[in-house]
Amino acid sequence: MRQAVGAERVSVMLNGVGSGGSYEWYAELRDPAGHVTRSAVSTFTVAGTPAPPAWDAGTAYTAGHEVTYRGAVWRASWWTRGQQPGDPNGPWQEIATTGDGTAVWTPTRIFVAGDVVEHRGRRYQAAWWTRNQEPGNPHGPWRPLS
């Protein structure tokens, strides 16, 4: 393949591409005289992220491991074996997000100051570390966002 006169090879990094889906992109080039040339539109596909494995009572998990249990994704907070996900004081945090990536409040998840969650259609920001304290109590750790 012959490179055009004055042409350069360019590497492109696409930020904001999520997992799973098809995407389109194109390039616009401007020469010193201000003429713009637009490339053809190209399409690429990103494979979806596979679901974590199912929780197994006989498996030892360390902090950060994720599993699926009863249709939800759970992340271990510390070493655990035989403790099923769901206890708000246990080793597992249910990890759920809205379509835009905002965390959904769940009683098992740990939140720290500054974290934003959605709960019952409203958004809240944590004022301090919290777990199993439902947003909506004016004396609790959550401040409503407008």
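A salt bridge is a side-chain nitrogen of Lys or Arg within 4 Å of a carboxyl oxygen of Asp or Glu. The legends below describe a predicted model, in which local features need pLDDT of at least 70, side-chain atom pairs count only at pLDDT 80 or more, and totals for chains, interfaces and linings use all residues. Residues are numbered from 1 along each chain as its sequence is written, and side-chain values use heavy atoms, with hydrogens and water left out.

**Close-up 1. Salt bridges around Arg-123.** Side chains of opposite charge can pair when their charged atoms come close. Glu-118 forms a salt bridge with Arg-123, with 3.3 Å between the closest N and O atoms. Asp-100 also forms a salt bridge with Arg-123, and here the closest N and O atoms are 2.8 Å apart. This second pair links distant parts of the chain, since Asp-100 lies in the loop between strand S7 (92-94) and S8 whereas Arg-123 lies in strand S11, 23 residues apart. Strands (E, at least two residues) and helices (H or I, at least four) are DSSP runs, numbered from the N terminus. Accessibility is described in three classes: buried is under 20% relative accessible area, exposed is over 50%, and partly exposed is in between (1.4 Å probe, protein chains only). Asp-100 is exposed because its relative accessible area is 54%. Glu-118, at 23%, is partly exposed, and Arg-123, at 28% relative accessibility, is likewise partly exposed.

**Close-up 2. The salt bridge between Glu-66 and Arg-75.** The structure holds four salt bridges. One of them joins Glu-66 to Arg-75, whose closest N and O atoms are 2.6 Å apart. Glu-66 counts as partly exposed because its relative accessibility is 29%. Arg-75 has a relative accessibility of 31% and therefore counts as partly exposed.

**Close-up 3. Strand S11 and its pairing strands.** Two strands pair if DSSP finds at least two bridges between them. Strand S10 (residues 116-119) and strand S11 (residues 122-126) pair in the antiparallel sense over four bridges. The two strands form a hairpin with two residues between them, and Arg-120 in the turn has a positive phi of about 55°. His-119 belongs to strand S10, and its bridge partner in S11 is Arg-122. With a relative accessibility of 11%, His-119 counts as buried. Contact means heavy atoms within 4.5 Å; not counting residues up to four places away in sequence, His-119 touches Trp-105, Tyr-124, Glu-134 and Pro-135. S11 also pairs with strand S13 (residues 142-144), in the antiparallel sense and over three bridges. In S13, Pro-144 is the bridge partner of Tyr-124.

**Close-up 4. Aromatic pairs.** A pair of aromatic rings is described by the distance of the centres and the angle of the planes. Rings of Phe, Tyr and Trp (its six-membered ring) pair if their centres lie within 6.5 Å; planes under 30 degrees apart count as stacked, over 60 as edge-to-face and the rest as tilted. By this rule there are three aromatic pairs. In one of them, the rings of Trp-55 and Tyr-69 have centres 5.4 Å apart and planes at 80°, so the pair is edge-to-face. Trp-55 is in the loop between strand S4 (42-46) and strand S5 (66-69), and Tyr-69 is in strand S5, so the pair ties together parts 14 residues apart in sequence. Trp-55 is buried at 17% relative accessible area, as is Tyr-69 at 13% relative accessibility. The rings of Tyr-61 and Trp-92 have centres 5.2 Å apart and planes at 70°, so this pair is edge-to-face. Tyr-61 lies in the loop between S4 and S5 and Trp-92 in strand S7, so the pair ties together parts 31 residues apart in sequence. Tyr-61 is buried at 8% relative accessibility, and Trp-92 is buried at 1%.

**Close-up 5. Surroundings of Ala-76.** Ala-76 is found in strand S6 (residues 72-76). Its relative accessible area is 4%, so Ala-76 is buried. Leaving aside neighbours within four places in sequence, the residues in contact with Ala-76 include Tyr-61, Gly-64, Pro-91 and Trp-92. Ala-76 and Glu-94 are 18 residues apart in sequence, and their C-alpha atoms are 9.1 Å apart in space.
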